[in-house]
Structures are given as structure tokens and as C-alpha cells.
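Please read the following with the sequence and the coordinates side by side. The text goes from the ligand to the sheets and then to single residues.

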Amino acid sequence: MLNRRAALLAAAAAMTATIAWGPGPAAAADPVKIGLILPMSGPFASTGRQIEAAARLYIQQHGAEVAGRPVELIVRDDTGTADLTKRLAQELVVNDRVAVLAGFGLTPLALSAAPIATQAKVPQVVMAAATATITEASPFIVRTSFTLPQATVPMAQWAAGNGMKKVVTLVSDYGPGIDAEKAFTDEFTAAGGTVDNLRVPLRNPDFSPFLQRVADAGPDALFVFVPSGVGAQFMKQFTERGLARSGIRLIGPGDVTDDDLLNDMGDVALDVVTSQHYSAAHDSPGNKSFVEAFKAANRGMRPNFMAVGGYDGMHLIYEALKTTGGASDGPALVEAMKGMAWESPRGPVSIDPETRDIVQNIYIRKVERVNGELYNVEFETIPAVKDPVKAAKK
Ligand code: PHB
């Protein structure tokens, strides 16, 4: 009896404490759940592996708690299939009540989840997908990767400024490839060059027939875009078709010489010139410690540009939660993310408050052997580049 009374009293005291504190300690101790949807299997699994590793590293370094709330990461494998991405996003929102959706390894995957982010008013942090229009699919999308036009326009300018007159483009036939093709063609032809366009299917690509056509056309350079994870396969066929020795230079956005695969490509990759926002060889103290910590936590795996998108995405979520004092209300988090600026391993970045895209340096890089390993060595910097597609619409 006494025990029961004591228990009741204790319960009442606890209730009073809860009411008195309002959304204080009890509510504040609720975990903030982040639903990370990634291709963890299938042809784009390297993207999932890199982003998950980066997100876990960020939590390890900054603590599994922010603004008084424990952080819980829920990772789901969408295998690179858009229908599955959408279903997983729905489950994470409805069943797990995640505060943020994040990841999105390919454009169709990011687009499939956008209506759910809008309906549920949950921020969707796009850490990988890079078609320019993605941020227009929902006011809740904020992007920490890049856009293909953002990376490509500087490449076209570099090619035109370095004696190239005739270029063939070869791109994966979907959103980011078409963006890269258009950005390169518009910029390069405006500078007086000529361009032929070829497109190869995204799934199970066979580059050989296209490479034969490139060899026959004999351009100064081949501009190539394939998504992260596919570069090694492309380089193998580029070598087998004899293009490596044909005098046709290889250029493009940096996806083809992705740091995850680059070191295994061999000498064929030497001297390939690309433009992008991240290289593991980026020369800054912040990047050196990022690369070191990432390798140490992942059995020597080198971080690529997907990893940095994931790492910065986590930074954005943590900092937004600090700004809201731990409140995970979706519209408040998105507001907090707009205009945020920080020093990333890639260099200085900010979130454009108007477009929710990332503003960042684009570097022109050349593949070189450094201490026995292949790296994209940056030799020119174009500072604070915005997505040119949205900038042109204004
Ligand atoms: C995309 O599908 O948006 C995408 C995927 C991989 C890349 C770039 C873009 O490397």
C-alpha cells in the first residue's frame, strides 16, 4: 500500500515537473532522428558507402548530441531505385518520425522523395544528386553536393582558353548528364568552339561503340560525364579502344576521376583535366585532417566528393539545430539553413538563401602521381560559383 502510494506520488511529481518544464528536459531529450536514404547496394553503392562513412565520422567527431538532443541516424538502402526511395522516405516520416531526410545518391531518387518532404514539411538534405533543377522540386530541399552546370561551365572556359576548338561530349543519358552536355555546349560554342553530342544509357553502359565514333571524329578533346562509381569502367574501355594513345585529350567534370576509384585506374588517368568542387588532395589544413580521420575510420578508404557532400550535410543539420535551440520543426530548420556559411574540407561554402543550393569554389585539376598515388591536383580556383542555371533565370 505504502509502496503504491509512494509510486503514485513519484508519478505525480514527475508529471508536475514535466508540465512545469514544458518542452524542457523531457521533450529536449527526445532524439532528433535523421533518415539517411542511400544506394548501399547495386551499381552506385560506392556513393552510399562514402556518404554513410562521412555522416558517421561527423557524428563521431562532433558528438551524438546537438542542442541538448541526442542524434539518431537511421540508414536505409534504396538500391538506387526511385520507387523504393519514395517508400522509404514515407516510412521514415510516418513511422520513425524523422526530423530530416538526407542522402539521395542519384537525381531520380532525390526527385521521388521531394513530394514527401513538401507534404510532411521535413527538410530534405540532398548530399549527392546534382541535376540543377532538383532544388526546385520542393521548398524543403537544401543541397550540399553541387550542380553539374556549376562544375561544367569553368571546364568549358578552360578548354576554350587552352587551345581546344573541337570537342565531343559523351554523357550518361539522364538529368545530370544532360545538364553537363548543355552547359558545356552552350559555353564552348559561345567561345567559338564546335561540339558534337553523344549520350550513353545510365544503366549497364557499353561505351565501346561511342568511343569508336569519338576516335573517328578525331576531336581535340572528349568531354565525359558518368556518375560516381562508373569512371573506372569508362577508363578501361577508353584504354581498350586505343583512345588513351590517340592524342584526344580527356576532360570533364570530376565525376569520372572520382577519388574512390582514381588510384586504381592506372596511368591512363594521368593528365586528365577535370573541374570540380572537391579533391582529396585539396591543400588546406582542414582537408588534411578530414582525409586522415576518414581513412583512419574506414580502413584506408579515400573520401571522394560524395563523402564531402555527406559530411557538410551533417554539418548543416547540426548547425541548423543549434540555431533553433534544438527545435526540429521543419520550416524553422530550412530557414536556419538558408544563408549558412562555413569552412568545408572543400574550401569556403555557403547555402544560397534564394535557391537553397550550395555556393562553392570550383577547381580545375589534373591527375598526377603524388607519393606513388594518383590524385586530382588542383591548379586553378574559380571562387564562390553559384549554380549558373538558376542564376540565369533571375
Ligand atoms: C545524379 O544522379 O544526380 C548524380 C549522380 C552521381 C554523380 C553526379 C550526379 O557523380
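A residue is near a molecule or strand if one of its heavy atoms lies within 4 Å of it. By that criterion 14 residues surround the ligand, and the closest are T107, A130, Y174, S228 and D255. This is a predicted model, in which local features need pLDDT of at least 70 and side-chain atom pairs count only at pLDDT 80 or more, while totals for chains, interfaces and linings use all residues. Residues are numbered from 1 along each chain as its sequence is written, and side-chain values use heavy atoms, with hydrogens and water left out.

Some ligand distances can be given in detail. An oxygen atom of the ligand is 2.5 Å from an N or O atom in the side chain of T107. For the side chain of Y174, the distance from an N or O atom to a ligand oxygen atom is 2.7 Å. Taken alone the ligand exposes 280 Å², and the protein buries 100% of that; accessible areas come from the Shrake-Rupley method with a 1.4 Å probe, and for residues only the protein chains shown count as cover.

Where does the ligand sit? The ligand sits in the largest cavity. A cavity is a set of points, on a 1 Å grid over the protein atoms alone, where a 1.4 Å probe fits but cannot get out. A molecule sits in a cavity if more than half of its atoms lie within 2 Å of its grid points.

Next come the strands. Helices (H or I, at least four residues) and strands (E, at least two) are DSSP runs, numbered from the N terminus. Two strands pair if DSSP finds at least two bridges between them. Six strands form an open sheet with mixed pairing, in the order β2-β3-β1-β4-β5-β6. Its edge strands are β2 (65-66) and β6 (141-143), each of which pairs on one side only. Within this sheet, β1 (residues 32-38) and β4 (residues 100-103) run parallel and are joined by four bridges; I34 stands opposite V100 in β4.

Strand β11 (residues 273-276) has two partners to follow. With β10 (residues 249-253), β11 pairs in the parallel sense over three bridges, and T274 is the bridge partner of G252. With β14 (residues 358-370), β11 pairs in the antiparallel sense over four bridges, and S275 stands opposite I364. V273 and S275 point one way from β11, T274 and Q276 the other way, and all are buried. Buried means under 20% relative accessible area, exposed over 50%, and partly exposed in between (1.4 Å probe, protein chains only).

A67, in the loop between β2 and β3 (69-77), has a phi near 50 degrees, a positive value in a residue other than glycine.

Conventions. Polar contact = N/O pair within 3.5 Å; in protein donor to acceptor, adjacent residues only side chain to side chain. 1 Å grid on protein atoms, 1.4 Å probe; cavity = no way out; pocket = protein on both sides within 12 Å on 5 of 7 lines; lining within 4 Å.
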